[in-house]
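Please read them with the structure open beside you.

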Amino acid sequence: MDDHWLTRTSTIRLLWILFIAILAVTVGLDFVIDQHPLFGLGGTFGFGAWFGFASCVALVAIAKALGAVLKRPDSYYDS
Amino acid sequence: MTADLLAIPPGAVLIVGGLVLPLLGAPLRKALLLALPILTLYLVWQVPDGVVLETRYLAYRLVLVKGDALSRLFATVFSVMALAGALFALNQARVVELAAALCYAGAAIGVAFAGDLLTLFIFWELMAIASTVVVWSGGPTARAAGLRYAAIHLLGGVLLMAGIAGEVAATGSVAFGKLSLDSLSGWLILAGFLVNTGAPPFSAWLPDAYPESSWSGMVFLSAFTTKAAVYVLLRGFPGTELLIYVGLFMVFYGIVYAILENDMRRILAYSIVNQVGFMVTGIGIGTEMALNGAAAHAFAHIIYKALLLMSAGSVLFMTGRRKCTDLGGLFRTMPLTTICGIVGALSISSFPLTSGFVSKSMISEAAGQEGLMIVWYLLAAASAGVFLHAGIKFPWFVFFQKDSGLRPQDPTWNMRAAMILFAALCLTLGMAPTLLYSLLPFPVTFVPYTADHVVFQLQLLLFSGLAFFLMLGWLRRTLTITLDLDWLYRRLGVKLAGIFYVWATVFWKSWSSVVSQRGRGVATWLQRRYGPDGDLAQTWPTGAMTLCTVLVLAAYLILSSH
C-alpha cells in the first residue's frame, strides 16, 4: 500500500545525501562572500550554521525540560 | 464621485454587509462575500492623508476616518485578508460565522482609520464581539473556549476604557497619537492593547480559543485581533523599551510551547504569538527601520499565516482531524494543500524569496544598527526556532511523517483558489519587495538581498532543519497539552470557587438557623409590645388622658414661674 516513491528507503537516502551536500555548500560560501558582521560572534566561520543548530538544540532541550513539568494528558481540562 | 465615496468609512461597508448577509439567499450571499471586500479595498485606496470624516459627540470631536500610509497599509491587508478568507469560506454552511467574519474585518479596518480614542474603542469592542461569534461558530465544543475568550477581551476593553477616560480627563482631548507612560492612564491603555497582542500574562487565550473555531473561522481569527493591536502599538507606543522585552518573551514562549504541542492548529496559534513577538520587539526598538520592519512583518504575516491556516483548515475540512498523532502522509492525495502549506511554512521561516524574508530581516537589522547585541542574537536564535516549530514541524507532521492511512483529496475549487492566491502573494512579495516597501510609513533604505545576508539566513535555516531531523525522536508527538497561565482560571479558579461554594453553604446553613432563631425572638418581642394586643396598643381610659394633660400643664406652670 505504502509504495510512494518518496517513501522508499533509496529515495530517503538520496534526499539525505542531497541535503548534506547543500549544507556543505552554504557553509562553503563563507569562503567566497564578503561578510559584514554586526557583532563579534557573527564573524566566526559558518556562524549561521553553528548558531542555528545550537539554538535549535537549546530550544528543544528547554522545551523538553518545561514539558516534563507542565505536560498533561490532552483530556486534562475535560475531566 | 470620489467626494461622495469619501463619505463612506471603508470599514462600514463590511460591517453593514455582514449584518445583512444572513437575510440573503445563497447566490447573492456568495456574490456579496466576494464583492464587498473588493469594494472595501477600493475605498481604502481612495482615503487621502489627513482627516476625512469627523463628527461631534457631546463635547468631543470624533475622527471616524483619518488616513496616512500606516493606516492604509493595515487597512489594505485587512481588506485583502477579508477577500481571500471569504473565498476560502464560500461554502461554509454556518452563515452567522461569515456574517461575523465580515463585521470583524470591517471593525479592524475601522481601528486602522480611527483618528481618536473613542472611535478606536468602539471598533475595538466590535472586533471583540464579532470575533467571539466567529469562535462560537466552531460548534458546541467551542462554547466554553469562546466564553473564556470573550472574558479576557472584555477585561482588555475595561483596561483600555479606563485608560482612555484618564487620558481624556487629563488632556481634555480624545485625539489618538503617540502616548506616554508618565501617567497611569498611559499604562492602562498599553495594557489594553497588549492583551490583544497575546502578550504575557495573557497569552493563553489565543491557543485556547482560536483552534476551537471552524475550519474557516481560524483563518479570519489569525489575522485581525493581534495585528490591529500591533497597529495601535505602532501608533501609540513606538520606541517604548519595555516592548522589546515583552516581544522577546512572546517570541520564545511561542516557540517552546509550539514544540510541545500536538494539535496542528494549536501549533499555528502558538506561532502567531511568536510572530507578533517579532513585531512588538520591532516597535520597542522604535527606529524608522524597526517600525517599518514591524509594519511590513504584520502585512506579510497576515498573508502567510492565513495561508498556513487555510492549509490546516483544508486538512480539518477533509479529514475532521486536528492532531498530529492522527495525521501524516497526506501529501499523496492532497498535493496542492501540501505545496501551499510548504510555501506558507517557508514564508513564516523567512526563507529567501518569500515574504517573511524581506520583512522580518528589517527588524533584526534595526536591532543590529542600534547596537542591541543581545536582542540581535536572540532574534537570530528565534529565527532558527521558527523554522523548527512551524516551518518544518507543521508540514512534516501533517503531510509527511508516517502514513496515517488517510486518503483525503484536495478541497473544493474555492478553497484551492484562496490558497493559490495567498501562496502567489507570499512569493511575489518575497521576490519583488519594493511592492511592499512602497506602502510602508517611512522611506526604505534596507536592501534584503545581499550575499552575506542570504547565505547567513540559509545557513541558519538549513542547519535548524538538520537539528530537527536529528532530534526527531525527541520531538515525537504525544497525546498531551502543556499547562499555561490559563490554568489559573480554568483549574485553580474553578477549584477555589468550588471550595468557596462548600464553605458558603456550611456557613449559610449554620448561621441561617441562628439568625432565624434570633429574628423570631425579636419579632415575638415586637409583637408583644407593639402588636394589636401589645402594651402600647391598648385603649386607655379618658381619665388617664386628663391626668397626663394636668401633669404637663402643672410642669409648664412651675417652669415658667421661675
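Which helices of chain B are included in what covers the buried residues of helix 8 of chain B?

1. The model is predicted, so to speak of local features a pLDDT of at least 70 is needed, side-chain atom pairs count only at pLDDT 80 or more, and totals for chains, interfaces and linings use all residues. Residues are numbered from 1 along each chain as its sequence is written, while chains are lettered from A and ligands numbered from 1 in the order in which they are written.

2. To take the opening question, the cover over the buried residues of helix 8 of chain B includes helix 7 (143-171), helix 11 (224-236), helix 12 and helix 13 (264-285) of chain B. Helices here are DSSP runs of H or I with at least four residues, strands are runs of E with at least two, and both are numbered from the N terminus. Because 10 of its 14 residues are buried, helix 8 of chain B is largely enclosed by the rest of the structure; a residue is buried if 20 or more other C-beta atoms, placed from the backbone, lie within 10 Å of its own. Among these buried residues are B:Leu188, B:Ile189, B:Phe193 and B:Asn196.

3. Helix 8 of chain B covers residues 184-197 and reaches 20 Å from its first C-alpha to its last, close to the 20 Å expected at 1.5 Å a residue, where the expected span is 1.5 Å times one less than the number of residues. B:Gly198 follows helix 8 of chain B and has a positive phi, near 85 degrees.

4. Chain A has 2 helices and 1 strand, in the order α-α-β from the N terminus. Its radius of gyration is 20 Å, whereas a compact globule of 79 residues would be near 12 Å; the radius is taken over C-alpha atoms, and the globule rule is 2.2 Å times the number of residues to the power 0.38. Of the 79 residues in chain A, 16% are buried.

5. The contact between the chains takes 38 residues from chain A and 39 residues from chain B, two residues being in contact if their C-beta atoms, placed from the backbone, lie within 7 Å. On the side of chain B that touches chain A, helix 20 (451-470) gives the most, with 15 residues.

6. Strand 1 (residues 71-73) of chain A and strand 3 of chain B run antiparallel and are joined by 3 bridges, where pairing requires that DSSP finds at least two bridges between two strands. Within strand 3 of chain B, B:Ile481 is the bridge partner of A:Arg72.

Methods: A residue is buried if 20 or more other C-beta atoms lie within 10 Å of its own, exposed if 12 or fewer, and partly exposed in between; C-beta atoms are placed from the backbone.
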